Amino acid sequence: MVRGPQFGWTLLQGAFDLFLGILVLSSWPSSRYVIGTLFSLALLFDGLGLIATGYGGRRIVGMVAAKDAAKPVQPE
């Protein structure tokens, strides 16, 4: 498994999803508002994880592009 800089966010999201699943399965939240709030927080963490992944990917592409730009082009 490769652990990147966003591994902490992914781990937090997984722990939150597990907690939400346990709560729903145990029928603890009797109110629909509580389930809706927890679900919206799960979606928020999903979105933050995707944004962090996008920024990380953009940074990697920038590093590769800078590395390729530094190489001189050899005429054939």
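**Helices, burial and surface**

User: In which helix is the place of I51?
Analyst: This is a predicted model, in which local features need pLDDT of at least 70 and side-chain atom pairs count only at pLDDT 80 or more, while totals for chains, interfaces and linings use all residues. Residues are numbered from 1 along each chain as its sequence is written, and side-chain values use heavy atoms, with hydrogens and water left out. Helices (H or I, at least four residues) and strands (E, at least two) are DSSP runs, numbered from the N terminus. On this basis, I51 belongs to helix α2.

User: Is I51 buried, partly exposed or exposed?
Analyst: Buried means under 20% relative accessible area and exposed means over 50%, with partly exposed in between (1.4 Å probe, protein chains only). The relative accessibility of I51 is 48%, and therefore I51 is partly exposed.

User: Which residues does F45 touch, not counting residues up to four places away in sequence?
Analyst: F45 also lies in helix α2 and is buried because its relative accessible area is 19%. A contact requires heavy atoms within 4.5 Å. Under the stated sequence exclusion, the residues touched by F45 are W9, L12, Q13 and F16.

User: Which residues of α1 are buried, and why do they line one face of the helix?
Analyst: Helix α1 covers residues 7-25, and its buried residues are Q13, F16, L20 and L23. Seen down the axis, with the arc taken from the directions between the helix axis and the C-beta atoms, these buried residues line one face because they fall within an arc of 90°.

User: Which exposed residues are on the face of α1 turned away from its buried side?
Analyst: The face in question is the one turned away from the buried side of α1. There the exposed residues are L11, L18, I22 and L25.

User: Which element gives the largest share of the nonpolar patch?
Analyst: The patch, of about 680 Å², is made by W9, L12, L41, L44, L48, I51 and Y55. Two or more of its residues come from each of α1 and α2 (32-70). The largest share, five residues, is that of α2.

User: What percentage of the 76 residues is buried?
Analyst: The protein has two helices and zero strands. Among its 76 residues, the buried share is 14%.

Conventions. Expected span 1.5 Å × (residues − 1). Patch = residues over 30% accessible without salt bridge, like charges linked within 9 Å, V, L, I, M, F, W, Y side chains within 5 Å. Areas by Shrake-Rupley, 256 points an atom, 1.4 Å probe, with all protein chains shown as cover. Salt bridge = Lys/Arg side-chain N within 4 Å of Asp/Glu carboxyl O.
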